[in-house]
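User: I would like to learn how to read packing, pairing and contacts in a model. Can we go feature by feature?
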Amino acid sequence: MLTAILVLTVLALLFGLLLGYASVRYKVEGDPIVDQIDAILPQTQCGQCGYPGCRPYAEAIAKGEAEINRCPPGGETVIVQLADLLGREPIPLDAERGEAKDTPTVVEIDENLCIGCTLCIQACPVDAILGAPKQMHTILKAECTGCNLCIPPCPVDCIRIVPVEEDISTWRWPEPKIDLEQPVDVAEETA
Amino acid sequence: MTDYLLILVSTILVNNFVLVKFLGLCPFMGVSRKLETATGMGLATTFVLTLSAVCSYLVDEYLLAPLGLEYLRTIAFILVIAVVVQFTEMVVHKTSPLLYQVLGIFLPLITTNCAVLGVALLNVQTEHGFVESALYGFGAAVGFSLVLVLFAAIRERVNVADVPEPFRGPSIALITAGLMSIAFMGFAGLVKG
Amino acid sequence: MRRRLWHFHGGLHLEGHKDLSMHEPVAAAPLPARIVLPLAQHIGAPAEPEVKVGEKVRKGQRIARATEYVSAPIHASTSGTVVAIEEQPVPHPSGLSAPCIVIEADGQDEWIERQPVADYENLDPSALRNVIREAGIVGLGGAGFPSFIKLNPGPDKVVDLLILNGAECEPYITCDAMLMQEHPRRIIDGLLIMRHALRAKRCIIAIEDNKKVAHTVLVNALQEHEAEFIEIVQVPTVYPTGGEKQLIKVLTGKEVPSNGLPIDIGMVCHNVATAAAVHDAIAEGTPLIERIVTVTGEALDRPRNLTVRIGTPFSLLLEAGQWRETDTDEVLMGGPMMGFAVPDLDVPVVKTTNCLLARPRSQPHRQPAMPCIRCGQCARVCPAQLLPQQLYWYAHARNFDRIQDYHLFDCIECGCCAYVCPSHIPLVQYYRFAKTEIWAQERQKQKADRARQRHEWHLERLERRKREEEERRRRKKELLKKSKAAGGDAAKKAEIEAALARVKAKKASRQAARANTENLTDAQKQAIAAVEARRQRLQKGGDSGDSQ
């Protein structure tokens, strides 16, 4: 009886030492998974997820504090990609966070109304608005992420949301929709 | 020499641990969704199985047996396996954080993989020597990895196919596993015992 | 001596329907009243207009210049007045519009002064390529790649073989066949020019063996000394032998590596019509303003080939082919395998328009799709040796990572797989969908990376401003402390004086900037000087330090 306890204790101590040494030797610095999550997020920096930007949200996901379904601009695509990366199940978008946009949008300033107050410039998280005090403000549409954070601060409400223009170089072929559930009357079709 | 070869063929094909002995089904079903994760899991399990088979043999041969503590085998082997798995977890976390994240809970769950404990106990039961124990563990792991990779490859294709509604998900996966098991019955009789 | 030929994997034997449009010789299409010239008729950056609305242009005049290396200029196809530079519908499967230059023809069809190249053989190859570039010549086989780039092998590559593609494997299309029959010398002379530019060792003109007349004509047109390095080869009529990589395999047995170009194995392939255009540019100084278009299909009463000015609306050509409008559901630009339906029939002919196909309703075009039965027929006929079935399953499941593992971007969209599919699945539509989705995702990713970078700079900028504010405040505090210790008032007064001086200097410079006196006469300048002097006097006479 005593030998049994002794043996097991010695074994446990030995293994404990080994593991202790290994935990120091193989210590992991930082968290590269955050970078990988951040690479998937759409970088709109809109804050709809409840975090002040995409990187803080990525950190929260990595820590396990946030679910992967809080990003409306990313939509289903991002949820599926995050689920794939982290080995979790994809879940539907959290409706409280906002709705996924079906077409990408940017914003536009109505130049007749703009008073040059720079409040929108201060609000833009990617500095996509060109302008100076008492000078006309312009949205750089190529850099605008569609976060809409500039709309609330504008005192004259001169910023409107417009869909991104599609041209031939960005046009996508539609997904072929085949209704396989419908039975096909072959005789009728080839008549 | 042929003995060693026979052990390998037996553990990899004839008496495959997953499809014939039906051990280690939990990671088999859980980690086989994507080919990359299956390969990673296979490698991790190979490392754990071989190491723990050797360590278990050593603990049994030089500690438990001389002191007459054979009844402590199960506890001691589980202790050994848990330590090896913890060690493997740390190494994987350091070398491939992505694999670590992806394998998730299944990496520490290798501890409860009945195939690992099964190998350790079977080694004792069949009174294998040192090299035989190591080969037995290695062969079992290779067989496990082989089947895991095959299953993952099939599952990837099945998941994009037009599976009837009632069969989608785990159902078709289990049916596929059953069919693979029947296929592996073809190896029976290749090696005696 | 029979030359050894090889086979490429897969391919189909299709009904040619070539005779339909070869009953008449090539005729000139009627000149339209309005020409619409899209700025992007080629692969690469669109051309930039260099004419203004209202400007009169002559035939062959360059009206848009090439913007980047991979780009081509556009020339007016007839003389007239530029009436608009705006978005107009263009021939594209999307039905979208693109920027175009619209010219109202004046009926005169007046040429600019053309400058042929007298002796191209003594011209440096790069100068020769420039002439070809300035003529706006792009690949007329359908791709529209600027030809001068494919005539530049690069400093370290040697061209063993220059191939002229006269295969024209797609059913119904006969424009290249007619060109070979009627203008063999233009093609051969163009080939010689290309050979000079590439310093190619040997040349082959490849023709499918269903074009016997074209073959005979070309053989007879070849001169004896040319026959030493130019070979006219008949290749078996299999679709799609006209594909660049397939043709190279048939003629040489070599395969162009995946994601590679023929120049990587020492070969260059051009279309026969491109060669003819090159000849015209060098021998006559004629830019690319017209091409042969096959107007065909059983819904036409007079299917034939027409020489068409670039920018002519499709409807004019269909009229010339005596189109039975009520009998057709759709008109395709291109052939039955690779063509696409044109939603608006007033779109203009562009440099890459080789055929207009109108088939009657009685011919079944599309059958409803059924589930894939995994028969594998598609893989059997794929000329690129891909696995169309796997591509289909992954495109269907929107798994765009796995689909690229099966070399989706090596697919040439020839349509062989869809043709043989017993379930009539529109396979090519799936591959096109997957390709554009992947490109869109890549664009998204680049945009997101840029946004991330800009956000980081934004945060840095805010940080920097905060730091500078703190620095300024700290310095001010120190200064105040120092001045308090040294006898405060004097330092404060110095600060105020300095501030006033700054404001004055700024006002003066602003006034000087607003002076704006360059365009005035001397008398006016003197008057202004007098007023200024009076103002200064009044100011000095009034309160000191008064700000206006």
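User: How are helix 2 of chain C and helix 6 of chain C oriented to each other?

Analyst: Keep in mind that this is a predicted model. Two packed helices are described by the angle between their axes and the distance between the axes. Here the axes of helix 2 (residues 175-182) and helix 6 (residues 272-283) of chain C come within 9 Å and cross at roughly 50°. Helix 2 of chain C and helix 6 of chain C are therefore oblique to each other.

User: Which residues make that contact?

Analyst: Helix 2 of chain C supplies C:Asp176, C:Leu179 and C:Met180. Helix 6 of chain C supplies C:Val272, C:Ala273 and C:Ala276. By class, that gives 5 nonpolar, no polar and 1 charged residues.

User: Which strands does helix 2 of chain C lie across?

Analyst: Strand 13 (290-296), strand 14 and strand 17 (355-360) of chain C. Helix 2 of chain C runs at about 125° to strand 13 of chain C.

User: What is the strand order of the open sheet in chain C?

Analyst: Read the order across the sheet. The 6 strands go 1-14-13-17-15-16, with mixed pairing. Strand 1 (27-28) and strand 16 (340-341) of chain C are the edge strands, as each pairs on one side only.

User: How does strand 14 of chain C pair with strand 1 of chain C, parallel or antiparallel?

Analyst: Parallel, with 2 bridges joining strand 1 to strand 14 (residues 304-309) of chain C. C:Ala27 has C:Leu306 as its bridge partner. C:Ala28 stands opposite C:Thr307. With strand 13 of chain C, strand 14 of chain C pairs in the antiparallel sense, over 6 bridges. There, C:Thr294 is the bridge partner of C:Asn305.

User: How many residues of strand 14 of chain C are buried?

Analyst: Strand 14 of chain C is mostly covered, with 5 of its 6 residues buried.

User: On to helix length. What span should helix 4 of chain B have at 1.5 Å a residue?

Analyst: Helix 4 (residues 73-95) of chain B has 23 residues, so the span should be 33 Å. Its end C-alpha atoms are 33 Å apart, which agrees. Now take helix 1 (residues 2-14) of chain B. Its 13 residues would reach 18 Å as a straight helix, but the end C-alpha atoms are only 16 Å apart.

User: What do the buried residues of these helices pack against?

Analyst: In helix 4 of chain B, the buried residues include B:Phe77, B:Ile81, B:Phe87 and B:Glu89. The buried residues of this helix pack against helix 1 (2-25) of chain A, and against helix 3 (35-64), helix 5 (97-103) and helix 6 (114-125) of chain B. In helix 1 of chain B, B:Ile7, B:Ser10, B:Thr11, B:Ile12, B:Leu13 and B:Val14 are buried. Their cover includes helix 7 (130-160) of chain B.

User: How many residues of chain A are in contact with chain B?

Analyst: Count each side separately. Chain A puts 18 residues in contact with 20 residues of chain B. On the side of chain A, helix 1 and helix 2 (32-40) each give two or more residues. Helix 1 of chain A has the largest share, 11 residues. By class, the side of chain A divides into 14 nonpolar, 4 polar and no charged residues.

Key
Residues are numbered from 1 along each chain as its sequence is written. Chains are lettered from A and ligands numbered from 1 in the order in which they are written. This is a predicted model: local features need pLDDT of at least 70, side-chain atom pairs count only at pLDDT 80 or more; totals for chains, interfaces and linings use all residues. Axes are lines fitted to C-alpha atoms, for helices over the stretch in contact, and angles run from 0 to 180 degrees between N-to-C directions. Helices (H or I, at least four residues) and strands (E, at least two) are DSSP runs, numbered from the N terminus. Angles under 35 degrees count as roughly parallel, over 145 as roughly antiparallel, 65 to 115 as roughly perpendicular and the rest as oblique. Two residues are in contact if their C-beta atoms, placed from the backbone, lie within 7 Å. Ala, Val, Leu, Ile, Met, Phe, Trp, Tyr, Cys and Pro count as nonpolar, Asp, Glu, Lys and Arg as charged, and the others, Gly among them, as polar. The expected span of a helix is 1.5 Å times one less than its number of residues. A residue is buried if 20 or more other C-beta atoms lie within 10 Å of its own, exposed if 12 or fewer, and partly exposed in between; C-beta atoms are placed from the backbone. Two strands pair if DSSP finds at least two bridges between them.
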